[in-house]
Structure formats: C-alpha cells, structure tokens
Amino acid sequence: MTRTPSKRPVFWVLLITGIAGFMAALDNLVVTNALPSIRADLGGGAGDLEWTVSAYTLTFAVLMLFGAALGDRFGRRRMFMAGVALFTLASGLAGFAQGIGQLIAARAVQGVGAAVMMPLILTLIAAAVPAGRRGMAYGITGAVNGLAVATGPLIGGTLTEHISWHWIFWLNVPLGALLLVLAPLRLGESTAPGARLDLPGTLLVSGGLFGIVYALINGNGDGWTSAPVLGGLLAGTALLAGFVVWELRSRRPMVPMRLFRGRAFNAINGVSLLMFLGMFGSVFLLSQALQLVQGWSPTEAGLRMLPWTGMPMLVAPVAGLLSDRFGGRRVVAAGLFLQGIALGWFAYLFDAGVSYAELLPGMILGGIGMALYFAPAAALVMDSVRPAEAGIASGVNNAVREVGGALGIAVLSAVFTARGGYGSAADFLDGLTPALWAGTGGVLLGAVIALLIPRGGGAGTRPEPGGTALADSAERVAV
C-alpha cells in the first residue's frame, strides 16, 4: 500500500472524520421521533414510514464494503469527499421533499453517501495517526458515534417540535459543506495498489437484500401472496444465492466465503443480526408510541428515551472490564438477555395509562443491555478470524448490523400492521404489543446463540498463513 506522508495535525483528521461519523450515525435514529410529524405533513401509510428509515439503513448496509473498495481503488480522501458531497446533497433534498416518495428516495441516496464515507474514516485515521496512538483515535471515533446514537431521538424530536422536521436533514448541509472545505486542506491521500471493485457481487447482494426487505415491508399491504411480494422474496433469495456462488468463484471477492466456515464468526454475526432486528424495530415503534399513545411531544419523547439510547456511553467501560473478567460471549449473552427483558417489559406494561416511572426500569435495562453487547461483540468478531482478516470481518459485521436494523423495522412493522394501525391510540396499541413480543423473542434467541459461541474465539487464535499485518487489513474496511 502506498501512502502520502503527512505532517498535518492529528486534531484536524479527528475533527473531520468525527463530524462525518456523527452525521452518518445520527441519521440512523434522528428521524424516528419525527415520523408522526412527517406522516401528518406528507401523508403515507405504515410501509412508507418504514421506508423512510429503512431506505437509509439498507443502502448504507449493502454498499459499505463497496465504499471501502472505492477508496482503495481511487483514493481514500477523494472518495471520502465524494461520499460527504453525496450525503450532503441528499440531506438537502430530503429537507425540501414535498412528498413521501421524494423523501424516501433522498434517504436512499443519503445511505449511499454514508456507505462511501463511513468505511474510509478509519483508513484516513490510520494514514495520519502513528500506530501507537491509533487506539486512542479509534476510541474517540467510537465515542462520537455513540454520542450520535444517544442524542439522535432527542435532536430529531427537538428540531421537529421547535422548528420543523425538515431541519433534521438540513442540519447536515452546513456540516457537510464545512467538511468539503477542510478535507482537501487537512487530509492526506492514500490508495491500495492493485485494488479492484467487485461490481457483480455488489449488484447481486444489493438486489437480493432489497427484494427481501421490499417484500417484508409490503407484505401486509399488498398481500403475502401478491405477485410483487412473492416476486421480491423469490428474486431476493435467488440473487443472494447468486452472490454466494459468485463470491466463491471470484479471485478478489468482496466477502470471502471462507469466513463463514467458522462457527464463532457465524454465531456472532447471527447474534448481531438479531440484536439490531429487535432493537431497531422496537425503537421505530416505541418512539411513535410515546407521542401517539402517551401524547408526549417529540422533544419529551426524545428526552424520555435517553436512559435507553444514552446508557451505553456510561456503561461501556464496565462492559469491557466484565468481558476481560468473564469472557465476551457471557457478557454479550447477558446484554441480550437484559435487552430482551426490557422489550418484554414494554410489551407487558405499555398502554395509554402507563406512567414514565413504570417504563423507566425497562429503559435503563435496555440501555445496559446495549452497552454490554457493543464492545464485547466487536472483540468476539476480531477473535473469530485470523488477524489478516480482521478488517473485512469487521466490515461484514457492521453490514450485518445495518441489515438487521432494516429487517427489524420490516419484520416488527409487519407484525404491527397485521394486528393494528394508525387509526387511533387503541389501534396503535393493538399492533404495538405483539410487535414488541416479536422483538423480545428475536433478542432472546440471540442471547441463546451467544452462549453457543466457542470459547477461545475460534480462528483468531490460529497463526495467520500470509503474514499480512492487522493494520493493513483494518485499513481495508472500517469498523
């Protein structure tokens, strides 16, 4: 790999990449508390609201590895700026959307921009920060992303209530413009000689995941036996099968299929999928329930969710210590069990007369559960593969998480619309309760799978055959 030496201050690299990471992570959840206002302003049904969130997470997930490859091939700084520009432009278009279809399309383009810029954040840091200080730099990046997740519902709710829902997207425009000015002045350029793009693999996996998520979101509205829904399921499954076949035969696969021969790697990715399926789907519905059923304002709803979304920032250091003491799989399993208890708590108690004091224990348990999952899960991913494969393994796990979020919204919303709707608070509760029980079951299943992860991590403990340095592989795909 070639790299242009740079003496630019590390401060500027962390500032630029931190702002970019904050924007991309924020837009995962910032829209949730604005959904009732968006629906009142632009119209649309339950499926449209799902796509408002899932259009972003889906394109973000399926193109993340492709974004890393673009940076390797054409220059990390150049493609980072292209991703920022696309994300910023799409954010402005989302803010100006006059119909729900325009908003969904803009959100999908936002996800493409995020998928290009996010995987390059760690590679840009690795190119500018000495090896001995990268751990600190990566920790700062993780903290910034955690802050975005924690404050997303609150920021979205506050802007929606006091200004307009449009501002949750316009907020990105000045920040993106600032990055486009600073990046060429403060970031060095780097490439990976010989890097190639896996266009067929990208098209196959993107089309396959889109077909399946499309079918899940539209199943209740169009009918599960309708041609579009059945066609989406069948075509999506066929394209994913084609992706596996292509990757097995490709000389330079986007995702080496050998990774999935390891029991530990498969298990932690299954756990991640189920964790995000239950969490994202539940946040999507609960953030609306706090307004439509409880009658709280968007700001009040965001504040009341802080014990859930913000708790990981306080508990994460403890989770790391517990992981060192008791092993990552036990801590991850405990985290998912707590998350499952929290979702079950909401499913059992939530009604029009429930007080916040009654909901608060579930919020706290859910937040602790998330905190116990995140850091140990990342370590389990690293331990499940050889050191030279750590970068691509981390990229796969992050993509699986985002896909899990999109599937969670689709699956839990399908349960919701099968039993309830938006006609009244009572209708909403009729759908909310079984949906939350479905999320509870998914998360608890993930806890059981976590306990089946082999002790000792798996492939990561074996000697790597090629001698490739971890630093180089970590620069291939962002954590």
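Searching the whole structure turns up 2 cavities of 30 Å³ or more; a cavity here is a set of points on a 1 Å grid over the protein atoms alone where a 1.4 Å probe fits but cannot get out. The model is predicted, and local features need pLDDT of at least 70, side-chain atom pairs count only at pLDDT 80 or more, while totals for chains, interfaces and linings use all residues. Residues are numbered from 1 along each chain as its sequence is written, and side-chain values use heavy atoms, without hydrogens and water.

The second largest cavity has a volume of about 40 Å³, taken as the space filled by probe spheres set on the points. Its lining (residues with an atom within 4 Å of a point) consists of Leu29, Val149, Met279, Phe280, Val283, Thr309 and Met370. Helix α13 (residues 263-292) gives the largest share of this lining, 3 residues. By class, the lining has 6 nonpolar, 1 polar and no charged residues.

Helix α1 (residues 10-29) packs with helix α7 (residues 120-128): their axes come within 10 Å and cross at roughly 175 degrees. The two are therefore roughly antiparallel, a term for angles over 145 degrees. In α1, Val10, Val13, Leu14, Thr17, Ala20 and Gly21 meet Ile121, Leu124, Ile125 and Ala128 of α7, with contact meaning heavy atoms within 4.5 Å. This contact has 8 nonpolar, 2 polar and no charged residues.

The count of salt bridges (a side-chain nitrogen of Lys or Arg within 4 Å of a carboxyl oxygen of Asp or Glu) is 2. One of them pairs Arg107 with Asp27, the closest N and O atoms being 3.5 Å apart. This pair links distant parts of the chain, with Arg107 in helix α6 (residues 100-117) and Asp27 in helix α1, 80 residues apart.

Notes. On a 1 Å grid over the protein atoms alone, a cavity is a set of points where a 1.4 Å probe fits but cannot get out, and a pocket is an open set with protein on both sides within 12 Å along at least five of seven lines; lining residues have an atom within 4 Å of a point. Helices (H or I, at least four residues) and strands (E, at least two) are DSSP runs, numbered from the N terminus. Ala, Val, Leu, Ile, Met, Phe, Trp, Tyr, Cys and Pro count as nonpolar, Asp, Glu, Lys and Arg as charged, and the others, Gly among them, as polar. Axes are lines fitted to C-alpha atoms, for helices over the stretch in contact, and angles run from 0 to 180 degrees between N-to-C directions. Angles under 35 degrees count as roughly parallel, over 145 as roughly antiparallel, 65 to 115 as roughly perpendicular and the rest as oblique.
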